[in-house]
Amino acid sequence: RIAAADAALYNTFQSEPGWLAHALLSARNRTSVEIGGKSFTVVNPLILFTPFIRTPANLINRAWERTPLGPFMASVRADFAASGARADLAAARIALGSTTLAVTADLAFSGLISGAGPDDPGEREALQRTGWQQFAIRTGDNWVQYGRLDPIGLMLGAAATLAEMTRRFDIEPEELDEWQEISGAMVGAVSKSI
């Protein structure tokens, strides 16, 4: 029963979030302030700006688990340490996710899948007049958006955006061997996808 409940929380993105999201949840839920030795109950203004933390944080975690950088996550390392089926599932997530990223990048280079598109509003508008859509897959003459297909949609969007940036020379080809340029581009691609 416990395993089934944990699986349900995991699959609905309601499991305990990582340390950063947990810190944000704790700060948001704090309702008492101590001033001059007296404790006052207040409405935390953060609740207005951060109503949804757990689900988006878990969506990002699920996408990150499926990348080649997944083993840097504590949850993935715990799965590998547990061995057996948990380790096999973690390895399968990483392998399938990495393959998905590579295929998506190839399709984005070919123009069959789109990411965030150009930052310049004029360039984006010109593309949209041709029928192009942001975060979409081209099927014949139509584009079908994949934006709500999370956590896979986040991975598709980040890979496609990174490939588009490379194709448009937002990232210079000679700089692709510099880890700072690649990591900066990856952070930009993920943030645009989110």
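Author: A pocket here is an open set of points on a 1 Å grid over the protein atoms alone, with protein on both sides within 12 Å along at least five of seven lines; its lining residues have an atom within 4 Å of a point. A volume is the space filled by probe spheres set on the points, which are joined across faces, edges and corners. This is a predicted model, where local features need pLDDT of at least 70 and side-chain atom pairs pLDDT 80 or more, while totals for linings use all residues. Residues are numbered from 1 along each chain, and side-chain values use heavy atoms, without hydrogens and water.

Reader: OK, what volume does the largest pocket have?
Author: About 930 Å³.

Reader: Which residues lie nearest its centre?
Author: Asn-61, Arg-62, Glu-65, Met-73 and Ser-75, out of 27 lining residues.

Reader: And which helix gives the largest share of the lining?
Author: Helix 4, with seven residues. Helix 4 spans 54–65; helices are DSSP runs of H or I, at least four residues, numbered from the N terminus.

Reader: Switching topic: how many residues make up the largest nonpolar core?
Author: Nine, among them Phe-135, Tyr-146 and Leu-156. A nonpolar core is a set of buried Ala, Val, Leu, Ile, Met, Phe, Trp, Tyr and Cys residues joined through side-chain atoms within 4.5 Å, and buried means under 20% relative accessible area (1.4 Å probe, protein chains only).

Reader: Which helix gives the most to this core?
Author: Helix 8, with three residues.

Reader: What does the second core include?
Author: That separate core of five residues includes Ala-63, Leu-101, Leu-154 and Ala-159.

Definitions and conventions
On a 1 Å grid over the protein atoms alone, a cavity is a set of points where a 1.4 Å probe fits but cannot get out, and a pocket is an open set with protein on both sides within 12 Å along at least five of seven lines; lining residues have an atom within 4 Å of a point. Helices (H or I, at least four residues) and strands (E, at least two) are DSSP runs, numbered from the N terminus. Buried means under 20% relative accessible area, exposed over 50%, partly exposed in between (1.4 Å probe, protein chains only).
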